Amino acid sequence: MARRLPFRQAVGLIETSESFLVVPHLHPDGDALGSALALALALRLKGKPIVEVVCHDPVPEIYQFLPGSECVQTELQPRTTYDVAIVCDMSQLSRAGRHEPLVRSARQILQVDHHVPQEPFADVRLVDTTAAATAEVAYRLLRAMKCPMTPEIATCLLTGIVTDTFSFKFPNTTPRTLRIASHLQAAGADISAINERVFETRSFSSVKLLGLALSTLQRTEDGAIAWVAISRKMFEEAGASDEETEGIVNFVRSIRGVRVAMLLRETPNQKVRVSLRSRGAINVAQIASQFGGGGHENAAGCTLEMSLEEAAQTLVREVLRWMEC
Ligand SMILES: [Mn+2]
């Protein structure tokens, strides 16, 4: 889908607007932040008088090296309506968290995304589900804007791509992804430094949590589904926060014979957040959507309102059902 995106329309909208609100999704990852910060840097470079980046959550420590990340705000002083709200890496406006009303109040909404569309909320939609990362779409928008590719912008965009392709290891990596990455490296982004910051730098508490999580490892009899479950008690014991669960599910997915890997964790308000990863042709986005979640074919998430134990059983049943058909 989205072979020909309305880049011209987006460029026209940007040229004729003065004030911008740029919004990555809540629990922001490297792609949401990288895309949002690249766009904000580009708008400032263009001399736009008002460019704010606002996010429901603060920038996680591992992404604080991103140029411009110090400008991300979690609260905004009320001001006049923004001309354009640019929402990055989200297919539902609820992913803007408490800033959703502010986004809706903007004169126009520009969506830059690569998720399967769930809700038509934008006036201009740059949504390409074949893009490995929203950063790819943002890159193409910046090219259409004839924006100079500074090392700072290139670093933000390449971080988005490196995050969402798991360093070009996921099957979403296409020749175009690599071409764009190549341009970004040539423009001054340090790919090795980005990998070091995103994948090779962990907090003590997150490794401690990894150990506790892996001690709960279970699988179905045939070994096709495997999962780990993190209770509140484990978060407390490790002194870790939810953002420190990042990457744990990949250990589960790497087990020989596993086709669907799951990471379940208890939230402070007694819900269970689930990350799903699959290998091959199992579409976990469809499974997640059964529970009001979403994502991509091989990486998705959802939230269940039940105990950890019940959530694991419910999900295993649902995954088995999808595997049979
Ligand atoms: Mn993304």
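Predicted model: local features only at pLDDT ≥ 70, side-chain atom pairs only at ≥ 80, totals over all residues.
Local features were taken at pLDDT of at least 70 and side-chain atom pairs only at pLDDT 80 or more, whereas totals for chains, interfaces and linings use all residues. Residues are numbered from 1 along each chain as its sequence is written, and side-chain values use heavy atoms, with hydrogens and water left out.

The domain assignment gives domain 1 (7–199) and domain 2 (204–324); such bounds come from an automatic or database domain assignment. The C-alpha centres of domain 1 and domain 2 lie 27 Å apart. Eleven residues from domain 1 and nine residues from domain 2 take part in the contact between them, where contact means heavy atoms within 4.5 Å. About 790 Å² is buried between domain 1 and domain 2, and carbon and sulfur atoms give 52% of this area. Buried area is the accessible area (1.4 Å probe) that two parts lose on being put together, summed over both. On the domain 1 side, H27, H115 and F170 lose the most area to domain 2, together 37% of what that side buries.

A manganese ion is coordinated at 2.1 to 2.4 Å by D31 (OD), D89 (OD), H114 (NE2) and D164 (OD). Donors are N, O and S atoms within 2.8 Å of the metal (3.2 Å for Na, K and Ca); water is not among the atoms, so sites may look incomplete. Along the chain, the donors of the manganese ion follow the spacing D-x57-D-x24-H-x49-D. D31 lies in helix α2 and H114 in the loop between β5 and β6, so this pair ties together parts that are 83 residues apart in sequence. Helices (H or I, at least four residues) and strands (E, at least two) are DSSP runs, numbered from the N terminus.

Both D31 and H114 are buried. Buried means under 20% relative accessible area, exposed over 50%, and partly exposed in between (1.4 Å probe, protein chains only). For H114 the relative accessible area is 3%. The side chain of H114 makes a polar contact with the side chain of D164 at 3.1 Å, and a polar atom of the H114 side chain lies 3.3 Å from the backbone oxygen of A132. A polar contact is a pair of N or O atoms within 3.5 Å; within protein, one must be able to donate a hydrogen and the other to accept it, and residues adjacent in sequence count only if both atoms are side-chain atoms. Leaving aside neighbours within four places in sequence, the contacts of H114 include D31, D89, D128, T129 and H296. D89 is placed in the loop between β4 (84–88) and α3 (100–105) and is buried, with a relative accessible area of 2%. The phi of D89 is near 65°, a positive value in a residue other than glycine.

In soluble globular proteins, nonpolar side chains tend to be buried together. The largest nonpolar core in the model has 56 residues, and I86, L110 and L141 have the most contacts inside it. Helix α2 supplies the largest share of this core, nine residues. Apart from this core lies another, of 25 residues, among them I225, L276, A312 and V319. A nonpolar core is a set of buried Ala, Val, Leu, Ile, Met, Phe, Trp, Tyr and Cys residues joined through side-chain atoms within 4.5 Å.

Helix α4 (residues 134–144) is mostly covered, with nine of its eleven residues buried. The elements covering the buried residues of α4 include α1 (7–15), α2 (30–45), β5 (108–113) and α6 (175–186). Among the buried residues of α4 is L141, which is in contact with F7, A10, V11, I14, L39, L110, V112 and L126, leaving aside neighbours within four places in sequence. L39 lies in helix α2 and is buried, with a relative accessible area of 3%. Just after α4, K146 takes a positive phi of about 55°.

Two further residues were examined around strand β10. S278 is found in strand β10 (residues 272–278) and is buried, with a relative accessible area of 1%. The side chain of S278 makes a polar contact with the side chain of N298 at 3.0 Å. Q270 lies in the loop between β9 (260–266) and β10 and is exposed, with a relative accessible area of 65%. The phi of Q270 is near 60°, a positive value in a residue other than glycine.
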